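Subject: Structure for you, with notes on helix packing

Hello,

I am passing on the structure below, together with short notes on what was found in it. Please look it over before reading on.

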Amino acid sequence: MRISTRFTHPAFDVMLSSQGLSKSRLILPLFIVDGLNQRQPIEALPGQFRWSADTVVEEAQRIADLGIPAVLLFGQSPQKNAQGSLAWQADGTVQRAIQAIKQAVPQLFIISDVCLCAYTEHGHCRVLKEDATDPSEWLVAPTLDAIAKTALSHAQAGADMVAPSDKNPGNVKAIRALLDVQGFESLPILSYTLKYASAFYGPFRDAVDSSPQFGDRRSYQMDPHQSHDVLGLVKQDLADGADAVMVKPAAPYLDVVRQTKDVFDVPLAAYQVSGEYAMIKAAAARGALDETKAMMEMLQAIHRAGADWIITYWAKEFAALENTDAL
Ligand code: PBG
């Protein structure tokens, strides 16, 4: 595999060397909210919680103790505005959580999601023209500036890798340029290169309150009903400075995972998204299937398709099974 020279964190020793499906390939998403002492159950995602910067440290310790190498942090913002400017505050919700985890659990590899949709009042992942009625009416320079500043604020807080999910053309290049001039030349970027405008994000938008207030995301995310130049998109992102790429959602796009893996030698992540998790949870709650078996089958399929890393809400359950030799 072509391993970027930016992959220097010790977590990569396990994340890039494991054979077969194991917990060392898993990344657990975590949702962060303002305040103290918060552990709010997310109704749409049974078993997942919104944490505050203090409680997430304890959770991070439990995650590391289970042997999960990495987490992916998402912020939620009670205050929103047109630019999404709360996304890049040095003392913002997610930035404080990154600092706290970094200090208390340094062995855990912190990936931060870089986007604006939880911070803009219209819920889109970009800055729009005034009076825009559709997200295709966007402002390129202010958007790329906001995205790059958000990534930089995460880097300064202590993130080990930034993961832009905004899907705005030019985002990776803009982030790389700003990180480089600010002294973060060795911070890797995981790009959500192959991100579809999917119905399977429903529960997530409930978790972070990021539903678009008008229009949908098909003008910037990939339309599931169209065919796309998958390999061209990966090539472009790698040329722009991505160190690793992602396919999202996972199970409905295993062909895309395989296609990418067959051609590119870089670490490939697949995101088993909120809807993929919630639908199995719902079916299991009704007694229609066995959750553990369904989870294992899904994760195995994603791994078989060629994903090196799997972002999954089941990371703790999987690791607990692996640790007790129950797999
Ligand atoms: C933000 C973002 C989304 C997800 C991850 N980052 C939602 C979206 O694009 O609408 C979805 C994750 C999930 O469903 O688990 N752009």
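This is a predicted model: local features need pLDDT of at least 70, side-chain atom pairs count only at pLDDT 80 or more; totals for chains, interfaces and linings use all residues.

Residues are numbered from 1 along each chain as its sequence is written, and side-chain values use heavy atoms, with hydrogens and water left out.

Helices here are DSSP runs (H or I, at least four residues), numbered from the N terminus. Axes are lines fitted to C-alpha atoms over the stretch in contact, with angles from 0 to 180 degrees between N-to-C directions.

First pair: α4 and α5.
Helix α4 (residues 140-157) and helix α5 (residues 171-181) have axes that come within 8 Å and cross at roughly 50°. α4 passes α5 in a right-handed crossing (the near helix is turned clockwise from the far one by less than a right angle). In contact (heavy atoms within 4.5 Å) are L144, I147, A148, K149, A151, L152 and A155 of α4 with N171, A174, I175, L178 and L179 of α5. These residues comprise 10 nonpolar, one polar and one charged (Ala, Val, Leu, Ile, Met, Phe, Trp, Tyr, Cys and Pro are nonpolar; Asp, Glu, Lys and Arg charged; the others, Gly among them, polar).

The axes of α9 (residues 274-285) and α10 (residues 291-305) come within 9 Å and cross at roughly 155°, which makes α9 roughly antiparallel to α10. The crossing of α9 past α10 is right-handed. From α9, I280, K281 and A284 meet E291, A294 and M298 of α10. Of the residues in this contact, four are nonpolar, none polar and two charged.

Regards

Definitions and conventions: Helices (H or I, at least four residues) and strands (E, at least two) are DSSP runs, numbered from the N terminus. Angles under 35 degrees count as roughly parallel, over 145 as roughly antiparallel, 65 to 115 as roughly perpendicular and the rest as oblique.
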